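Reader: I am new to this structure and would like to go through it by question and answer. Please show it first.

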Amino acid sequence: MKKIILFLGIACGLVSCLEVLELNHDNSDPVLVVEGLITDKPGPYTVRLSTTVSFNLSQRSNPVEDAIVTISDDLGNQEILNYVENGRYETTSMQGMIGRTYYLDVAYGGVNYKSQSTLLPVSAIDTLYSTFEKATRFIEGGYYLSIGAKSANPNLVNYFRWKVYEADSLYNGVNDIMVARDDYFEGEFVFQFGYPFEIGDTVKVEMYSLNKDAYDYYQGFVTILQSDGGLFSPPPVNAPSNISERVLGIFQACSVVSEEVIIAK
Amino acid sequence: MKSKKTAIILILIVHLFSGSAVALQTDEKFTISGYVRDAESGESLIGVSVFDPVQSKGTVTNIYGFYSLSLSSAEYTIRFSFIGYKSQNVTILLNRNQTLDIELSTEVLQMDELVVSADKMDKNVTEVRMSTEKLNIQQVINMPALMGEVDVIRGVQLLPGIQSAGEGTTGVLVRGGSADQTLIQIDEATVFNPSHFMGFFSVFNPDAIKDLEIYKGGIPSKYGGRLSSIMDVRMKEGNKKKFGASGGIGLISSRLTVEAPIIKNKSSFIVSARRTYADLFAKLSPDTTINKNKLFFYDVNVKANYEINDRNNLFVSGYFGRDVFDFDDEFRLEWGNKTGTVRWNHLFSNRLFLNTTLLHSKFDYLIGIDSGAESFKWTSGLEETSGKLDFTFFANPNNQIDFGYSASYHKFTPAVISPSEGSLIGNYRIDDLFAIEHALYVGNEHKISDKWLVAYGVRYSLFQNFGPADIYTYQNGNDRVLSEITDTTRYSKREVIKTQGGIEPRVSARYQLNNTSSLKVSYNRTRQYLQLASNSSAGLPIDRWVPSDAYIKPQIGDQVALGYFKNWSDNKFETSIEGYYKNMKNQIDFKDGADLLFSKNIETEILSGKAWSYGIELLLKRNIGRTTGWIGYSISKTRRQVPGINGGRAYSPRYDRTHDISLVVSHELNELITFSGNWIFATGSAVSRPKGKYEFEGQSVAYYDALDRNGYRMPNYHRMDLSVTIQSKKNMNRRCKSSWNISIYNVYMKKNPWSIEYRDVINGDPNIDDTNKVVVQSREFKPVSTILFKLVPSITYNFKF
């Protein structure tokens, strides 16, 4: 939306400009942030814990080192995660399985935080191919990657996420969180990524199954990441966590498929 | 509260009887009635004072230029006066009912400023209406304009108590109401979205507009349908005497208006058109990536009228406008309004006036991707078809009764998504919705004594949803969740689903303190059955209109206002101070992350609460002389409280601005040169501000306190605009008159933030958005403001013959 506004501005001969502001910010007490993921691929799986930090500090986050993190499943398996570094806790022997439900338990600061997630299946990637697009005002010229798949369960709404790696390096910008739902498609879908590649690039795409709460979380997360704070954005709210109201972040169990392609003519 | 209301009603009843007692005592009465028109063009004039200075009895012409005055048999000198026109005195011997049509000529402004007609220009003091503003279109035309596009809505937004949603938006927010609580109508037809170019310009072409009135409170019983305000825009009728054309060439658009008699003095037409051409310049570009884009809006106003005879007048008018964005033949966004009005004024007698109106308005938009696997066409819109009967009965000089009935049929098409060939996107459709809105009203403007003038009335409105439709039942009726649908009821075609309605009392009174000052008080209740499901502050063309239904209760508003009005120096200066309190029930808001566009169960996305607003507005205005303009100030507070938002605690909507000052001045240096200037100050919008930051998946994110929505303010907003209008010297001796307008928006280049976003700033430069192209030396999470308009000069050439 903002792009359209800015384009309008340019078309009307206006010069809009950006400026960094120095504002005073009140700061709330630190809030726990959870980043937990278990997949159907071999572990170890990681749960990262941190807290919010004061806005004007240069520090980006404050790792939590003294929590007790436990993951269990609906078969009664349970494992206490080992602390590694930078707020990261890892499993040692646990293996995610499709269809299982996983439970997270974090004991921190005298409070027990709990969450759960079911590891849903994800369908195979049918096609992964690139097409050449000429440069226009809105898109860069180059080879655009398209991914195609069938719905994992055509009777349900399926939610999923893509991650894109180029030469094993994850695309992780503000616009790189891509989640989707398939109910506007009829049983299969094709999706084209919004940035071009060059000939010879090795591109890997991972596709994750998501629970609805994870989809809602990422939708909210993308909304707040991309919020321009302007008149056309909804009032900013934190992405809805599946852990508790006073916590940020999410715990999720996902199945993953991936496909790799070398961009060619 | 209840006892107070009873007391007011009792007083009114007592006064009604005393009034009729006075009426019985008088001698035989005769009625003088007719139309008042502009001598040059034959346009009817609205709000002309028709007055007998001896008896101090009088009236004003209605919105069709008609007046009716009943007086005892005698000889009278009736004075017809109107701002900007030469007053006219007509002596008549009133011994029978008679018709008197009057033509007034425009006043050529005298060089000596002291020669100002001391006419009856104290309407603002003497009339019963309060909280009503009439915009002088000519004054708006002289105002500095953003990019040279004269915009009447921007003029309206400078009046106290009226705000925009933010810089460069056309929403009209009145006394703490949201944009959808203002009914905007052109020739009585609803304009659902008054914006062009996402809101930078309004749909009203100033060349086609004759009159604009906006009611902020004390809304008469004949108006309804929205909670906060009615903005009534009237189109010009067309010159009945001679052919004329006018137009202008600006930086982004050109305008042309043609008007002419069809049958001289009986019938005429006007056609006014405007189109932007930013994209036409783009077409000249050799760059194929630029010249294929389309980006324009156009609008056309047409109107024709026919004076069948003394007793019958017919008008037909229409508005068509459309915005088109078409990027590389790939992505398309279009939207527009269409309205049509057929109006028949009929005089049963010289005391009973009937206006019969048929109206149609439509708003729709289209979004499309033309080719590829994701191609689709998405259309949405709504339509309103109405019939209205509005009677005015000029009972006697002390009582003027308005009554009438209207019915509106609404059809909503929330979304239809159809894939193009080869697309993998499926068909998606949200079922159309149907509703009918009825309203019945009666109101009397009753002059009780020289001191007391009261207007009292009541409106009864009724809203019915009907089938075909599926209505869902939820496990918990109050907290509706999509996954908890327990039952579906199928309603067949035309079957009534839900009927809601109620009484809307409207009362206002004026007490004349002396010749130059008065006190006024008003109370009105309003009901609103349509609302915009918009989660952002400024309306977007794709926002969805939602009718009240089994789950969404009609909005109810109650407003009391008190005002003191005083004119100075022979009415050269008008001053007023008004205070108001407004209470709004059943206000809708939206759950976090609500899907407002595609939900088939919009009731699961909506929350309901209340809002209230209060404030004081000051206005000093000068309408006469070479220096005209106004200073407006308002101090106000608006709060909303919705369970499920902000932890159920009250919060300020974004548009709540404590202080709001507008200074609008126009000075005619001589016959050729007019200077105009505006200065605006407003408290910064209420916004949420992060109370920390955190990292998730390597991204820095702002953390917001869920219990502190809009608890902070944007920096205060202020700016000054200046313009000069220069008439060509040759104008004096030529029929063709031309002028240049040079405007500068934001003269002292105040960097007013349009938005503030929180994000990573690379190397201290907010313009770097691609980290692949620079060496990242620093990455800091900072507030970044976007400033849209830093000094925008423009030049426009206007002509008229």
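Reader: Which residue in strand 32 of chain B stands opposite V458(B)?

Author: This is a predicted model, and the pairing is read from it. Strand 29 (residues 452-466) of chain B and strand 32 (residues 496-514) of chain B pair in the antiparallel sense over 15 bridges. In strand 32 of chain B, the residue that stands opposite V458(B) is P505(B).

Reader: How many bridges join strand 32 of chain B to strand 33 of chain B?

Author: Strand 33 covers residues 517-528 of chain B and runs antiparallel to strand 32 of chain B. A hairpin joins the two strands through two residues. One of the pairs is R510(B) with its bridge partner K520(B). The number of bridges between strand 32 and strand 33 of chain B is eight.

Reader: How many residues of chain A are in contact with chain B?

Author: Contact here requires C-beta atoms, placed from the backbone, within 7 Å. On the side of chain B, 71 residues take part. The residues on the side of chain A divide into 34 nonpolar, 21 polar and nine charged. The number of chain A residues in contact with chain B is 64.

Reader: Which strand of chain B is joined to strand 1 of chain A by four bridges?

Author: The two strands run antiparallel. The bridge partner of V20(A) is V784(B), and that of E19(A) is S785(B). Both partners lie in the strand asked for, residues 779-787 of chain B, which is strand 49.

Reader: Why is one side of strand 1 of chain A left without a neighbour in the sheet?

Author: The open sheet has three strands in the order 1(A)-49(B)-48(B), with antiparallel pairing. Strand 1 of chain A and strand 48 (755-762) of chain B stand at the edges of this sheet. One side of strand 1 of chain A is left without a neighbour because, at the edge, this strand has a single partner strand.

Reader: Which residue in strand 50 of chain B is the bridge partner of I249(B)?

Author: Strand 18 (residues 244-249) of chain B is joined by six bridges to strand 19 (residues 253-263) of chain B, and these two form a hairpin with three residues between them. In that pairing, A245(B) stands opposite V258(B). Four bridges also join strand 18 of chain B to strand 50 (residues 792-800) of chain B, running antiparallel. There, the bridge partner of I249(B) is Y797(B).

Reader: Does K585(B) count as buried, exposed or partly exposed?

Author: K585(B) lies in strand 37 (residues 573-590) of chain B. Leaving aside neighbours within four places in sequence, K585(B) is in contact with Q555(B), I556(B) and K610(B). A residue is buried with 20 or more other C-beta atoms within 10 Å and exposed with 12 or fewer. K585(B) has 17 such neighbours, so this residue counts as partly exposed.

Notes:
Residues are numbered from 1 along each chain as its sequence is written. Chains are lettered from A and ligands numbered from 1 in the order in which they are written. This is a predicted model: local features need pLDDT of at least 70, side-chain atom pairs count only at pLDDT 80 or more; totals for chains, interfaces and linings use all residues. Two residues are in contact if their C-beta atoms, placed from the backbone, lie within 7 Å. Ala, Val, Leu, Ile, Met, Phe, Trp, Tyr, Cys and Pro count as nonpolar, Asp, Glu, Lys and Arg as charged, and the others, Gly among them, as polar. Two strands pair if DSSP finds at least two bridges between them.
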